[in-house]
Amino acid sequence: MSFDVVLRSIFSAAFLASVLRISTPLILPALGGLITDLSGAVNIALEGIMLTSAFTGVVVSAYSGSVFLGVLAGVASGVLISFVLGWFHLHLETNIILAGIAINILATGGTIFLLYVLTGDKGNSQSLASGRVPNINIPLIQDIPFLGRVISGQHIFVWLAFILTWLVSIYLYRTPWGTHLRAVGENPQAAETMGINVKRTRMIALLISGFLASFGGMTMSMAYLTIFQREMTAGRGFIALAAVYLGGRKPWGTLLAAILFGFADALSHQLGSLRIPSQLVQTIPYIVTILALVIYNLREQAVKRERRRKFQEQHMQSMASVE
Amino acid sequence: MPPIIELKAIYKIYPNGVMANKGVNFSVEPGEIHALVGENGAGKSTLMKIIYGMEQPTQGQVVVEGLERHFHSSRDAIDAGIGMVHQNFMLVPSFTVAENIVLGQEPTQRGLLNKQKAIDETIQISEQYGLRVEPKAIVDSINVGMRQRVEILKALYRGANILILDEPTAVLTPQETQELFLAIRKLVEQGKTVIFITHKLREVMEVSDRVTVLRQGEVVGTLPTSEATRESLARMMVGRDVLLRVEKPPAQRGRKVMEVQRLTYINDTGRSVLNDVSFNIYAGEILGIAGVEGNGQTELVEIMTGLRPSTSGNALVNGKAVLNKTPREVRMAGVSHIPEDRLTNGLALEASINENLIVDRYFRPPYKKGASIDYKQVAELGAKSIEKYGILTPDGELPVASLSGGNMQKVIVAREFTSDPELLIAAQPTRGIDVGATEFVREQLVKQRTDGTAVLLVSADLGEVMSLSDRIITMFEGEITGVFPDAASVTEEELGLYMLGIKHQSKEEMEELL
Ligand SMILES: Nc1ncnc2c1ncn2[C@@H]1O[C@H](COP(=O)(O)OP(=O)(O)OP(=O)(O)O)[C@@H](O)[C@H]1O
Ligand SMILES: [Mg+2]
């Protein structure tokens with residue numbers, strides 16, 4: 001396939017649809033990362049939570065034959081892990097980064113171990129028939145020429161990602177609980193003296209993040225694919241955290257940043273068809289992540305410098321006109 | 001009338017073994033302004049935190065309006081009509097004034113925040129008590145005076161009848177202090193009761209009805225303010241006579257140590273904070289900078305000490321350029337610095353007292369031994385400093401965070417005075433410290449200067465600038481408005497005119513004197 005074919009396909013409806021699909025398992029955990037970051041106890045176990053939920057969802061849906069039960073179990077496992085993290089951090093006062101790393105390692109090893117126990121395979125869950133969450137077709141929208149093909153027919157988690165971004169932004173900025181959460185993150189002592197329970201607020205933030213990240217995990221194993229593979233989240237839990245900062249610690253900004261990373265990922269799939277070594281192509285999403293963060297910071301600094309320069313000019317002018 | 005608050009035989013032992021209160025009996029009458037004074041670490045804040053439910057007494061009774069109370073958290077105390085403004089600001093910087101005031105008790109409409117109502121209610125109580133604030137301003141962008149008013153309104157919004165103010169004036173300018181006193185009197189007229197902690201005895205005399213003195217966790221006495229004098233209170237606090245005036249031999253001005261030339265600074269928001277500032281500092285003199293806070297003094301000091309880059313200009317210490325260098329390079333050039341904001345720039349709170357004492361010298365002998373640190377030397381320095389500077393702590397290995405506010409300042413002073421500087425830059429060196437410690441710090445500043453150190457003193461306390469300095473410059477809106485080569489011959493009123501930019505010396509007039 002030649003380069004211009006790739007180029008043309010990037011601007012196709014199918015490609016944009018795939019960007020949304022690929023972004024979803026970044027958006028959902030990123031929202032969880034955002035909430036915990038704002039609460040002052042950032043959840044770096046998103047990766048482990050996603051992996052666990054991806055696994056649990058597949059296994060429970062396969063054995064019960066019910067997608068719904070699978071999703072329910074997946075969510076429960078994600079929330080449970082965040083609870084454990086919260087317990088260690090808030091009650092036993094362990095460092096949250098260390099506890100988070102421990103959970104990530106445990107999730108990687110634990111899912112492989114249980115996979116082997118259940119299927120005799122250490123690589124994937126091929127022998128299990130996982131459920132798949134439904135796609136949503138919207139009658140009118142799907143008939144709109146280009147747009148219809150981008151947004152209609154997406155699976156339910158894609159829709160959920162957008163709806164949850166909206167809900168999270170309402171939660172954070174329009175409800176008292178969200179306000180308390182932000183206050184706790186910024187000045188816990190101030191919140192405490194105003195009668196806000198800091199530990200409880202942080203625990204709730206962690207539980208919500210577990211809830212959100214679990215959907216991210218299941219997107220991988222019950223929508224995008226219908227199979228669990230070892231280490232299938234491939235660092236998305238961490239890229240999600242990068243999206244939080246790139247998005248300026250705001251819900252919609254986080255969503256856009258996650259979509260940017262999703263775009264890079266989708267691009268690497270497209271370029272995979274060119275004759276470029278695939279190892280190189282696969283690094284694209286990670287390189288974009290780093291570049292985006294660097295550019296973001298450079299830009300911030302440039303804005304400040306520009307403001308200063310402008311002022312000095314004005315200042316010189318006014319001095320000159322006085323003389 | 002029965003007391004509105006009564007503490008009976010309160011003991012408080014912190015988990016680290018410090019006994020902060022020892023059998024304190026303390027009672028407050030309804031409708032009075034009750035001042036609470038005592039040395040740093042005397043247990044004032046601890047006692048107030050007990051009333052506010054933040055700390056639980058180890059033993060003893062808290063009686064509020066005739067009922068014995070056991071508060072488990074601030075929530076309980078708030079519900080009982082008690083409000084407290086803390087020694088350190090307790091605000092959320094990115095929130096607006098109104099959001100901070102209603103925090104934890106936000107008005108809602110169908111589960112969602114009602115921001116307009118929060119603003120309206122803020123305006124309403126702000127007017128009711130004459131505490132002027134801008135409801136929509138972001139707290140990060142407002143000055144300390146308004147922050148203080150926000151703190152008070154926070155308590156009033158929660159329906160406080162009894163208001164505890166823990167060193168509210170420590171960070172205020174004299175004008176802001178006067179405004180605060182006006183507001184306090186107005187609160188009392190409206191039936192509130194106020195407990196007021198301060199280290200400034202002049203304020204006690206000015207605003208309070210009665211005063212209680214604490215020393216080392218015990219009550220020395222409670223008396224009507226009309227029967228007290230500044231001297232008698234100081235004696236009760238410290239247990240000996242205290243010199244409220246500074247003894248100062250005449251200055252022996254030596255060579256030029258620091259030269260600041262045409263310094264200009266424009267901040268991130270594009271505001272011109274310092275504009276063409278030039279002056280010199282000589283060995284053996286104290287140069288005082290007088291100015292209302294927020295006129296560029298903070299930035300000037302930060303630039304001179306390497307904490308902030310400058311926009312243009314020059315600064316030399318003994319002929320060596322120090323502008324836009326790292327703080328360590330500036331320090332190696334012989335500059336030491338008592339920073340204004342001791343909690344963020346002066347100390348590592350979680351690190352030990354000893355560690356804080358060596359942060360400017362751990363990398364050179366005798367504290368450096370091979371690739372490691374000679375902890376025996378460190379312990380020695382720690383023990384010596386604790387003794388000489390009277391830092392109240394059982395052990396130099398304890399974290400600085402466990403010290404009282406004034407004792408934290410002593411740690412900084414100890415570090416900066418023992419580093420043998422050529423130039424000592426002291427920003428608000430006695431802010432928030434007790435009379436005894438203030439006397440000590442001032443004596444030490446004068447001693448350094450008499451021994452030939454050049455000293456730059458920046459203080460919001462005009463009395464301090466006037467009594468310590470040999471030469472004074474005034475600053476207004478980032479510019480030097482006047483130089484007074486003989487600090488003893490200038491009056492407070494005169495300085496005030498220059499500090500407010502009403503009077504202005506010409507460049508030629510100042511040239512020679514700077
Ligand atoms: N959280 C704490 N843990 C351990 N010790 C503490 C704690 N808070 C205060 N202390 C100790 O209790 C004593 C009394 O401290 P407190 O803060 O009540 O003093 P203060 O009178 O308010 O002093 P200042 O005028 O400096 O604010 C001090 O020795 C202090 O080191
Ligand atoms: Mg105190």
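Colleague: At its relative accessibility, does B:Tyr389 count as buried or exposed?
Modeller: This is a predicted model, in which local features need pLDDT of at least 70 and side-chain atom pairs count only at pLDDT 80 or more, while totals for chains, interfaces and linings use all residues. Residues are numbered from 1 along each chain as its sequence is written, chains are lettered from A and ligands numbered from 1 in the order in which they are written, and side-chain values use heavy atoms, with hydrogens and water left out. A residue is called buried under 20% relative accessible area, exposed over 50% and partly exposed in between, with a 1.4 Å probe and protein chains only. Since the relative accessibility is 6%, B:Tyr389 counts as buried.

Colleague: How many aromatic pairs are there over all chains, and which geometry does the pair of B:Tyr362 and B:Phe363 have?
Modeller: Rings of Phe, Tyr and Trp (its six-membered ring) pair if their centres lie within 6.5 Å, and planes under 30 degrees apart count as stacked, over 60 as edge-to-face and the rest as tilted. Over all chains, this rule gives nine aromatic pairs. For B:Tyr362 and B:Phe363 the ring centres are 5.2 Å apart and the planes stand at 90°, so the geometry is edge-to-face.

Colleague: Which parts of chain B does the pair of B:Tyr389 and B:Phe440 tie together?
Modeller: B:Tyr389 and B:Phe440 form an edge-to-face pair, with 5.4 Å from centre to centre and 85° between the planes. Helices (H or I, at least four residues) and strands (E, at least two) are DSSP runs numbered from the N terminus. Because B:Tyr389 and B:Phe440 lie in parts 51 residues apart in sequence, the pair ties together the loop between helix 13 (375–388) and helix 14 (405–417) and, on the side of B:Phe440, helix 15 (residues 435–450).

Colleague: The charged end of which residue sits over the ring of B:Phe363?
Modeller: A charge sits over a ring if NZ of Lys or CZ of Arg is within 6 Å of the ring centre and within 35 degrees of the ring normal. In chain A, A:Lys122 lies over the face of A:Tyr116, at 5.2 Å from the ring centre. Over the ring of B:Phe363, at 3.6 Å from its centre, sits the charged end of B:Arg328.

Colleague: With which side chain does the side chain of B:Thr481 make a polar contact?
Modeller: B:Thr481 is placed in strand 24 (residues 479–484) of chain B, and at 1% relative accessibility B:Thr481 counts as buried. Leaving aside neighbours within four places in sequence, B:Thr481 is in contact (heavy atoms within 4.5 Å) with residues including B:Tyr498, B:Lys503 and B:Met510. A polar contact is a pair of N or O atoms within 3.5 Å, where within protein one must be able to donate a hydrogen and the other to accept it, and residues adjacent in sequence count only if both atoms are side-chain atoms. At 2.8 Å, the side chain of B:Thr481 makes such a contact with that of B:Thr474.
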